Amino acid sequence: MEALKTQFVPTWCAGCGNFGIFTALKKAFSLLALDPEQLALVTGIGCSSKISQYINSYRIETLHGRTLPVATGVKLANHQLTVIAEGGDGDGMGLGMGHFIHTARRNLDITYIIHNNQIYGLTKGQASPTSDLGTVTKFTPAPQGNVEQPINIVQMALQAGATWVARSTAADPQLADIMAQAVKHKGFSVLDILQPCVSFNHVNTYKWYQDRVYRLDTLPEYDPADHDKATSVASQWGDKIPIGVFYRTERRTFEDSLPQLANRTLVEQPLENISVSLLMDEMA
Ligand code: SF4
């Protein structure tokens, strides 16, 4: 754990769910015995994306919504690295939605952790793409509140082709273990974490989630290999919210499909046979 420390301390609001996710993430890295030099953490913009400042690894805090294309570039440059992309529901499901779908269908070996607080926290409380219908904010006022249908991240990941899909909560004692499973999966793993924003979301609180979540492994004969079943259970939201691993399967990864990466990583390949002026001429 000591090796994962940086000089920075979290600036999140007291009680923010990001603290639980941060603690679990460090624990997961310890469980996996990950050397910081093997690890690249790519985050976007938002409260949750600050997490990369607090963990000693290769790190990029990139543009809003561009987490996954940057993570893709990192993975293709050095596919030996463990690459984790992380950000909020606004970053991933709003600005980054197109990237999410294409990363899932390509099945890069990247873990994508979404801190889903159902609100834009950093910009002080606008409805996000995962806000429930009727959510009242300063920008979606009463009486109707939010009138846009929310995105169900688990369902979206299943439909886009992610090969490992799970949901947890920021207060889940099993969160570190589930994160470690996500990182160990070879392929695109998506972990939707329900995360209270204590400053701007006064509906989806710790208690609100605690009263509703149940574990998938309590369902008789639930089989994470069954995509149809996963899709059906993932549609549950409201009085009952399932958490756990919905789906896992094996599929060839994008990087394993590229003959250029078969023998060594891109960063290990010699540059002497590449003529930059020839490339520039081709693109002119
Ligand atoms: Fe956490 Fe919300 Fe504060 Fe951001 S605004 S740090 S999400 S409690």
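View 1. Leaving aside residues up to four places away in sequence, Gln-159 touches His-227 and Thr-231. The model shown here is predicted. Gln-159 belongs to helix 5. Is Gln-159 buried or exposed? Its relative accessibility is 54%, so Gln-159 counts as exposed; the cut-off for exposed is over 50%. Thr-231 is 72 residues away from Gln-159 along the chain. Even so, the C-alpha atoms of Gln-159 and Thr-231 are separated by 8.1 Å.

**View 2. Helix 5 packs against helix 8.** The two axes are 9 Å apart, and the angle between helix 5 and helix 8 is about 155°. Angles over 145 degrees count as roughly antiparallel. Helix 5 and helix 8 are therefore roughly antiparallel to each other. Their crossing is left-handed. Which residues of helix 5 and helix 8 meet? Helix 5 brings Val-154, Gln-155, Leu-158 and Gln-159. Helix 8 brings His-227, Ala-230, Thr-231 and Ala-234. Sorted by class, this contact of helix 5 with helix 8 holds four nonpolar residues, four polar residues and no charged ones.

**View 3. Helix 8 has a cap and a buried set of residues.** Helix 8 covers residues 227-234. Asp-226 caps the N-terminal end of helix 8. A side-chain oxygen of Asp-226 lies 3.2 Å from the backbone nitrogen of Asp-228. Now look for the buried residues of helix 8: they are Ala-230, Thr-231, Val-233 and Ala-234. An α-helix has 3.6 residues a turn, so residues three or four places apart point the same way.

**View 4. Helix 4 and helix 5 pack at an angle of about 45°.** Their axes are 8 Å apart. Why is this pair called oblique? Angles under 35 degrees count as roughly parallel, and 65 to 115 as roughly perpendicular. With an angle of about 45°, helix 4 and helix 5 are therefore oblique to each other. Helix 4 makes the contact through Met-97, Phe-100, Ile-101, Ala-104 and Arg-105. Helix 5 makes it through Met-156, Ala-157 and Ala-160. In this contact of helix 4 with helix 5, seven residues are nonpolar, none is polar and one is charged.

**View 5. Helix 1 crosses helix 6.** Helix 1 runs over residues 18-31, and helix 6 over residues 175-184. Their axes come within 8 Å and cross at roughly 55°. Helix 1 and helix 6 are therefore oblique to each other. The crossing of helix 1 and helix 6 is right-handed. On helix 1, the contact uses Gly-20, Ile-21, Ala-24, Leu-25, Lys-27, Ala-28 and Leu-31. On helix 6, it uses Leu-175, Ala-176, Asp-177, Met-179 and Ala-180. How many residues of each class does the contact of helix 1 with helix 6 have? There are nine nonpolar, one polar and two charged residues.

**View 6. Asn-107 is buried in a loop.** The loop lies between helix 4 (97-106) and strand 4 (110-116). Asn-107 has 0% relative accessibility, so it counts as buried; the cut-off for buried is under 20%. A polar atom of the Asn-107 side chain lies 2.8 Å from the backbone nitrogen of Phe-188. Which residues does Asn-107 touch, not counting those up to four places away in sequence? They are Thr-163, Gly-187, Phe-188, Arg-251, Arg-252, Thr-253, Phe-254 and Glu-255.

View 7. Start with the loop between strand 6 (126-127) and helix 5, where Pro-143 sits. A cis peptide bond joins Ala-142 and Pro-143, with omega about 10°. Next, find Ala-33 in the loop between helix 1 and strand 1 (39-43). Ala-33 is not a glycine, yet its phi is positive, at about 50°. Its relative accessibility is 64%, so Ala-33 counts as exposed. Lys-124 is not a glycine either, and its phi is positive, at about 75°.

Terms used
Residues are numbered from 1 along each chain as its sequence is written. This is a predicted model: local features need pLDDT of at least 70, side-chain atom pairs count only at pLDDT 80 or more; totals for chains, interfaces and linings use all residues. Side-chain values use heavy atoms; hydrogens and water are left out. Axes are lines fitted to C-alpha atoms, for helices over the stretch in contact, and angles run from 0 to 180 degrees between N-to-C directions. Helices (H or I, at least four residues) and strands (E, at least two) are DSSP runs, numbered from the N terminus. A crossing is left-handed if the near helix is turned anticlockwise from the far one by less than a right angle, and right-handed if clockwise. Contact means heavy atoms within 4.5 Å. Ala, Val, Leu, Ile, Met, Phe, Trp, Tyr, Cys and Pro count as nonpolar, Asp, Glu, Lys and Arg as charged, and the others, Gly among them, as polar. Buried means under 20% relative accessible area, exposed over 50%, partly exposed in between (1.4 Å probe, protein chains only). A polar contact is a pair of N or O atoms within 3.5 Å; within protein, one must be able to donate a hydrogen and the other to accept it, and residues adjacent in sequence count only if both atoms are side-chain atoms.
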